[in-house]
Amino acid sequence: MNTIRIQDIIDKILEVRKNADIESIQRAYVYSAAMHAGQVRLSGEPYLMHPLATAYTLAEMRMDEATICAGLLHDTVEDTAATLEDIKLRFGDEVANIVDGVTKISQISFESKEEAQAENIRKMILAMAEDIRVLMVKLADRLHNMCTLEFQKPHKQKLIAQETMDIYAPLANRLGLHRIKLRLEDLSFMYLKPDVYSQMTDWLESNRTAEQQYIDKITGLLREMLDDLGIKGEIKGRIKHKYSIYKKMVQQGLTLDQVYDIIAFRVIVDEVRQCYAMLGQVHAAWNPIQGRFKDYISMPKANMYQSLHTTVVGPGGERFEIQIRTRDMDYLAEHGVASHWIYKEGGRIKGKDAKQFQWLQELLDWQKMESDSREFMRSLRFDMFKDEIYVFTPRGDVKELPEGATPVDFAYAIHSKVGDTCVGAKVNGRLVPINSPLENSSTVEIITDPNRHPSRDWLKFVKTARARTRIQNFIRTEERNRSVTLGREILEKQGRRLGVNVAKMKDSELAELAKDLFFKSTEEMFSAIGYSRITPRRVLKRFLPKAEEAAGVVEENKTENAEQARRSEGIVIKGVDDVLVRFAGCCNPVPGDPIVGYISRGRGITVHTSDCKSVAKMEPERLVPVYWEGHEGKPYPARIHVLVRNVKGVMGKVSSLLADHDVNIDSGSLRSLVDGKTEITLTIEVHDAAHLYQTLQALQKLDVVLEVNRITS
């Protein structure tokens with residue numbers, strides 16, 4: 001990137017606004033230069049080059065003076081002795097608020113990098129809702145950081161590039177900042193897939209002359225079409241961006257040599273009717289590719305982008321894309337949805353413009369509801385920023401959804417109550433399953449039943465963050481209510497056994513008890529009992545001496561009883577005593593296996609192997625650390641699959657070997673195959689993982705055994 005001077009920024013501003021407040025820009029520059037004096041970046045250049053580059057990008061985006069000032073000052077509060085109060089005093093509340101919105105979180109300690117990233121994104125979303133210019137500065141800041149990423153260590157390059165691809169490029173797209181989006185994607189692509197990027201660069205360079213000749217030829221033909229129509233217009237031809245080509249290769253399973261439509265043309269005219277007239281000429285001259293025509297003029301994208309897109313087969317059988325739009329549409333596509341209102345509204349989204357930022361309001365609502373950082377980031381990456389489809393309600397209202405969305409997603413887009421009670425759907429008048437992917441321009445009617453509720457199975461196919469969050473909240477609320485009821489019942493039952501009448505306790509007594517145990521409320525205490533996070537005996541501990549004395553009960557040894565309960569299954573649960581433990585039938589863990597516990601409502605803790613497929617689908621907050629202890633001598637069930645030759649006496653050989661290795665057969669089944677083989681499935685009893693795998697190795701050595709495996713799911 002070329003060195004940017006303050007005069008370059010001023011010149012760029014004056015191109016658009018002759019009466020701009022240049023004095024405030026110059027003061028911000030002087031202040032930033034003073035604060036960053038002596039600081040250098042990893043590249044060795046003065047740190048001031050970064051805020052200058054950020055401000056220049058904002059000037060290119062035609063941002064207002066307050067935003068450009070914030071671009072010059074955005075790192076001063078975090079990286080220098082400057083304070084937010086000083087910024088406010090010198091440059092006013094407006095600039096200070098934008099700077100505050102983009103200042104990175106540096107003083108908070110997080111448990112994981114993912115949590116830190118999620119919190120940074122959450123703060124950015126909140127700041128964006130207050131003033132969208134915060135995001136403009138963040139995008140300009142990120143663009144320059146990506147341009148100088150070569151000076152970072154390789155592992156940081158990939159982390160920053162992936163975050164840029166997942167978060168910042170899609171946000172730029174949402175704001176209609178097409179050029180910024182494409183540059184961020186190509187720069188990220190260079191670091192995430194360096195070999196592919198290098199190969200593509202070499203390939204494009206070797207074909208550049210031929211491609212340019214073809215661009216010149218098609219440009220001339222398009223010019224003739226405009227002349228025939230008597231339309232004055234502008235034509236631009238280019239080779240598509242590298243990441244766009246790469247996406248096409250991945251989606252269609254193509255090699256570089258098989259990618260044909262890497263050239264795109266843009267025709268810019270004055271009026272909408274001229275767009276459609278030119279489209280007719282193009283389709284009359286060249287055959288359009290079926291399914292590749294999109295009319296974003298009559299149905300604009302959420303970021304207000306408008307254009308006609310078509311892909312045709314041109315001279316020589318070459319495929320290429322043509323975009324046709326008016327000058328106003330082209331301006332909006334280049335400078336984004338914010339450019340037309342940012343001056344009059346001061347960065348705040350109001351009135352008729354609010355509809356264009358409905359996605360931002362949904363982000364805001366969703367980040368408040370979703371407490372799990374991993375789920376928040378996963379949905380942000382894969383759900384919020386997919387390609388859009390547009391679906392109609394029976395009344396003709398349009399709903400924008402991510403590609404692959406289902407009727408359930410559509411139902412929640414209408415209203416949360418419609419989603420909660422959805423039982424079926426009609427697409428274009430035909431009944432379809434509620435997990436069916438919707439197609440662009442379909443008309444969808446949702447069938448509801450007020451007595452029905454969301455199902456956990458819906459989480460397997462919904463695509464929108466709104467739907468997923470609503471479903472999860474409903475399930476959590478339902479489970480919490482059940483756990484509260486169950487916890488109260490368990491506590492009352494245990495109380496009766498110990499002579500403590502919980503049912504007659506006053507609410508104030510229960511509240512005091514919950515407070516003593518560091519719970520926020522009585523309901524939280526009951527819920528913890530229902531989820532087996534705390535034992536009823538521990539809750540009732542303060543009442544035990546009096547109750548046991550009255551009942552004539554002699555307490556033998558609390559510690560011994562607790563240890564016996566803890567180790568009754570050879571399992572120790574970190575931080576929990578006196579809890580029911582059972583082993584999962586899906587994976588049948590045995591001592592020596594890496595394990596994890598799952599809190600089952602009212603059923604204690606279920607122990608799974610750490611690599612069990614079921615664990616990946618479980619709620620992370622209900623997983624607890626567990627480990628083996630005190631299991632010596634006890635048999636544990638394990639399931640095995642043995643493939644043998646179908647010969648006489650084969651079962652006898654297998655059972656005899658198992659007996660020799662002190663392995664008991666609990667149950668089993670046989671199935672003869674058509675190719676002279678037999679499948680044997682057995683549930684056996686072993687002492688630990690070493691015992692099991694020694695037995696499997698011995699079985700593998702039998703001459704009749706072809707294959708032997710442990711069944712873990």
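Both Glu185 and Lys181 are buried, where buried means under 20% relative accessible area, exposed over 50% and partly exposed in between (1.4 Å probe, protein chains only). Their side chains meet in a salt bridge at 3.7 Å, N to O. A salt bridge here is a side-chain nitrogen of Lys or Arg within 4 Å of a carboxyl oxygen of Asp or Glu.

This is a predicted model, in which local features need pLDDT of at least 70, side-chain atom pairs count only at pLDDT 80 or more, and totals for chains, interfaces and linings use all residues. Residues are numbered from 1 along each chain as its sequence is written, and side-chain values use heavy atoms, leaving out hydrogens and water.

**Confidence**

- The predictor's confidence in each residue is its pLDDT, from 0 to 100.
- The protein has a mean pLDDT of 82, and 82% of its residues reach 70 or more.
- Among the elements, helix H2 (residues 22–35) has the highest mean pLDDT, 95. Helix H27 (residues 558–566) has the lowest, 40.
- Helices (H or I, at least four residues) and strands (E, at least two) are DSSP runs, numbered from the N terminus.
- The pLDDT is below 50 over residues 105–111; this stretch has 7 contacts in the model beyond near neighbours in sequence. Contact means heavy atoms within 4.5 Å.
- Residues 546–568 also have pLDDT below 50, with 17 contacts in the model beyond near neighbours in sequence.

**Glu185 and helix H11**

- Glu185 lies in helix H11 (residues 178–192).
- The relative accessible area of Glu185 is 7%, so this residue counts as buried.
- Glu185 and Lys181 are 4 residues apart in H11, so about one helical turn separates them.
- Leaving aside neighbours within four places in sequence, Glu185 contacts Met165, Ala169 and Tyr243.

**Other salt bridges**

- The count comes to 22 salt bridges.
- Arg17 and Glu65 meet through their side chains in one of them, at 3.7 Å, N to O.
- Arg17 lies in the loop between helix H1 (6–16) and H2, and Glu65 in helix H4, so the pair ties together parts that are 48 residues apart in sequence.
- Arg17 is buried, and so is Glu65.
- The side chains of Glu94 and Arg133 form another salt bridge, at 2.8 Å, N to O.
- This pair links distant parts of the chain: Glu94 sits in helix H7 (residues 93–102) and Arg133 in helix H9, 39 residues apart.
- Glu94 is partly exposed, at 38% relative accessibility. Arg133 is buried, with a relative accessible area of 0%.

**Nonpolar cores**

- A nonpolar core is a set of buried Ala, Val, Leu, Ile, Met, Phe, Trp, Tyr and Cys residues joined through side-chain atoms within 4.5 Å.
- The largest core has 55 residues; Ile9, Ile68 and Val95 touch the most other members.
- Helix H9 (residues 133–147) supplies the largest share of this core, 8 residues.
- Another core lies apart from it and has 38 residues, among them Leu222, Leu226, Leu279 and Ile324.
- In soluble globular proteins, nonpolar side chains tend to be buried together.

**Helix H4 and Ile68**

- Helix H4 (residues 65–73) is mostly covered, with 9 of its 9 residues buried.
- The buried residues of H4 include Glu65, Ile68 and Cys69.
- Not counting residues up to four places away in sequence, Ile68 touches Ile9, Ile13, Ile25, Ala55, Leu58, Ala59 and Met63.

**Sheet**

- Four strands form an open sheet in the order S13-S15-S14-S16, with mixed pairing.
- Strand S13 (581–583) and strand S16 (623–624) are the edge strands, and each pairs on one side only.
- Two strands pair if DSSP finds at least two bridges between them.
- S13 and strand S15 (residues 604–609) run parallel and are joined by 3 bridges.
- Val581 has Ile605 of S15 as its bridge partner.

**Cysteines**

- A disulfide is a pair of cysteine sulfur atoms within 2.5 Å. By this rule the count comes to 0 disulfides.
- Cys586 is in no disulfide; the nearest cysteine sulfur, that of Cys612, is 3.6 Å away.
- Cys586 is partly exposed, with a relative accessible area of 25%.
- Cys422 is buried, with a relative accessible area of 3%.
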